[in-house]
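I opened a new model today and kept notes as I went. Here is what I looked up.

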Amino acid sequence: MPPFPPSDTFHAPPSWRCIDFISDLHLHEGLPRTTRALADYLASTPADAVFMLGDVFEAWVGDDMRSQPYEAACVEFLAQAGSRLHLAIMVGNRDFLLGDAMLAACHAHKLHDPTVLHAFGQSMLLIHGDELCLSDQAYLKFRAQVRHPQWQNAFLAHPLEARLAQARQMREASQMHQHAQAPENWADVDEASATQWMQAAGATALIHGHTHRPGDQAFGPAGVMRHVLSDWDLDHGHARAEVLRLTRNGLQRLSLIA
């Protein structure tokens, strides 16, 4: 069972009235409707802050990628949002190379994984979720490799086109692996470990993405709650796009599907 890693703490300003949580947008140029929906949502949300809990992009091979036409368009609407509200971005398993230059371009704040959020009298543990999918040992081994600075430095030393080509290969391999399994058989967050992390953080709720199984449930023997964010996809048959909104009245799950 993995020990609770060092975490950041974020105290929401007293003036905030509304915080939105989203994740798993998996943005790429093949998702024009999803991309437009995100841009429209960011331009219109009444939230004081939007916390993006990982996998904003389907693949991110370095911050020089932001110069590509599609990514540059994304930077534009993210920066517009970051200029009018508190935009916080946590990296996920797809975009873990998203760095300080990209955050600065988007007027966004780095959100560490994990972060303990104190807001409206509640303490919530925010994670992407992949680190606690303990049954997927092959992925966790891969994760440890690619999160190592030595691997990242070597990868980023390659030309952008070479990195993009490798990302496409990795994406195709991942899609083949996913298609070979039914979604209900994908790895889920380990309940015992997640409960221990929440207890160590003094949190009464866990918010995470990654698993593509949106929902709310009692979690662990103490009856604490976990809230799983939805993935977004408006370009295929199973259209889904949800926002988890926190106010003084609690959490509310909102669908953006008309």
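**Ground rules**

I am working with a predicted model, where local features need pLDDT of at least 70, side-chain atom pairs count only at pLDDT 80 or more, and totals for chains, interfaces and linings use all residues. Residues are numbered from 1 along each chain as its sequence is written, and side-chain values use heavy atoms, with hydrogens and water left out.

**Entry 1: one sheet**

I took strands (E, at least two residues) and helices (H or I, at least four) as DSSP runs, numbered from the N terminus. Two strands pair if DSSP finds at least two bridges between them.

I traced an open sheet of 6 strands in the order β1-β6-β7-β8-β10-β9. Its pairing is mixed. At the edges I found β1 (8–11) and β9. Each has a single partner strand, so one side of each is left without a neighbour in the sheet. On average, neighbouring strands here are turned by 25° against each other, direction ignored. For that angle, axes are lines fitted to C-alpha atoms, for helices over the stretch in contact, and angles run from 0 to 180 degrees between N-to-C directions.

**Entry 2: strand β10**

Next I asked which strands pair with β10, and in what sense. Strand β8 (residues 205–208) runs parallel to β10, with 4 bridges. Strand β9 (residues 215–219) is antiparallel to β10, over 5 bridges. On that side F219 is partnered by V224, and D216 by H227.

I then checked burial, where buried means under 20% relative accessible area, exposed over 50% and partly exposed in between (1.4 Å probe, protein chains only). In β10 (residues 224–228), 4 of the 5 residues are buried, so the strand is largely enclosed by the rest of the structure.

**Entry 3: a second sheet**

I found another open sheet of 6 strands, ordered β5-β4-β3-β2-β11-β12, also listed with mixed pairing. Its edge strands are β5 (109–110) and β12, and each pairs on one side only.

Strand β2 (residues 19–22) lies antiparallel to β11, with 3 bridges. D20 has R245 as its bridge partner there. Strand β11 (residues 242–247) also joins strand β12 (residues 250–255) through 6 antiparallel bridges. These two strands make a hairpin with 2 residues between them. In it, E242 stands opposite S255.

**Entry 4: the cores**

I looked for nonpolar cores, meaning sets of buried Ala, Val, Leu, Ile, Met, Phe, Trp, Tyr and Cys residues joined through side-chain atoms within 4.5 Å. The largest has 39 residues. I22, L38, M52, F57, L78 and W232 have the most contacts inside it. At least two residues each come from α1 (32–44), β3 (49–53), α2 (69–84), β4 (86–90), α3 (100–105) and α6 (160–179). Helix α2 gives the most, with 6 residues. A second, separate core holds 20 residues, including F21, A119, M124 and A205.

I followed up M52, taking contact as heavy atoms within 4.5 Å. Neighbours within four places in sequence aside, M52 contacts I22, L25, L38, L78, L87, A88, I89 and M90.

**Entry 5: N93**

Is N93 buried or exposed? I found N93 buried, at 16% relative accessible area. N93 sits in the loop between β4 and α3. Its side chain makes a polar contact of 3.1 Å with that of H210. Such a contact is a pair of N or O atoms within 3.5 Å; within protein, one must be able to donate a hydrogen and the other to accept it, and residues adjacent in sequence count only if both atoms are side-chain atoms. Beyond four places in sequence, N93 is in contact with D55, H128, D130, Y139, R147 and H210.

**Entry 6: cysteines**

How many disulfides are there? I counted 0, a disulfide being a pair of cysteine sulfur atoms within 2.5 Å. For C74, the closest cysteine sulfur is in C106, 8.7 Å away, too far for a bond. C74 is buried at 1% relative accessible area. C18 is buried as well, at 8%.

**Entry 7: L256**

I ended with L256, in the segment after β12. L256 is partly exposed, at 34% relative accessibility. Not counting residues up to four places away, L256 touches Y41, W232, A241 and V243. L256 and L38 are 218 residues apart in sequence but 9.6 Å apart in space, C-alpha to C-alpha.
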